[in-house]
Amino acid sequence: MAYPGYGGAPGGVAQDPLYGYFSAVAGQDGQISPEELQRCLTQSGIAGTYHPFSMETCRLMVSMLDRDHTNSMGFSEFKELWAALNGWKNTFMSYDRDRSGTVEGHELQIALTSMGYNLSPQALGIILKRHSVNGQIGFDEFVGCCTKLRALTDQFRRRDTSQTGTASFRYDDFIQVTMGI
């Protein structure tokens, strides 16, 4: 079973231009909380002309990469997030042709398929119910959707050891995976 890819390998900190955005808000602990991430991403302008990211989306982004369960991210995770955000932004912009700041449901389906997610109509319907307003998906909601899909795919892939598209979950495991994002 092939899973969608999303790039971004962490690189050297000393010469990385992203380190300025990161260190400006990371503070003494060298970690970024969801609140700090929201401030950092707003200051960086990565959302462009779209609305800044909501606190919920920032929490999802941190959770997606929070491998040590500290509710924060270090620079390597931030760099990985930055690469994912840029990819998601480029995808979103390619389907927001009228620059309204939203995409419609059928455009979301094409966008997600272009990213390697082959979802059933039922799964897409659930995503649309959760992330659209009047059939429109804004950039913040699109990023939230992509964050959840990536996190769920990562968790599923860890359990689908034979890569057959099937995995077994204990109930507690299922709750942790779905509620953790």
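Are Phe92 and Phe142 buried or exposed? Both are buried, where buried means under 20% relative accessible area, exposed over 50% and partly exposed in between (1.4 Å probe, protein chains only). The model is predicted, with local features requiring pLDDT of at least 70 and side-chain atom pairs pLDDT 80 or more, while totals for chains, interfaces and linings use all residues. Residues are numbered from 1 along each chain as its sequence is written, and side-chain values use heavy atoms, without hydrogens and water.

Begin with the aromatic rings. The whole structure contains 11 aromatic pairs; rings of Phe, Tyr and Trp (its six-membered ring) pair if their centres lie within 6.5 Å, with planes under 30 degrees apart counted as stacked, over 60 as edge-to-face and the rest as tilted. Select Tyr50 and Phe92: the ring centres are 5.1 Å apart and the planes stand at 90 degrees, so this pair is edge-to-face. Tyr50 sits in the loop between helix 2 (34-44) and helix 3 (55-65), and Phe92 in helix 4 (residues 75-95), 42 residues apart; helices are DSSP runs (H or I, at least four residues), numbered from the N terminus. Relative accessibility is 10% for Tyr50 and 1% for Phe92.

Phe142 belongs to helix 7 (residues 139-159), so the pair ties helix 4 to a part 50 residues away in sequence.

Next, select Tyr19, Phe22, Phe75, Phe78 and Trp82, which ring pairs link into a cluster.

Finish at His106 in helix 5 (residues 105-114), which is partly exposed at 47% relative accessibility.

Note on methods: Helix = DSSP H or I, 4+ residues; strand = E, 2+ residues; numbered from the N terminus.
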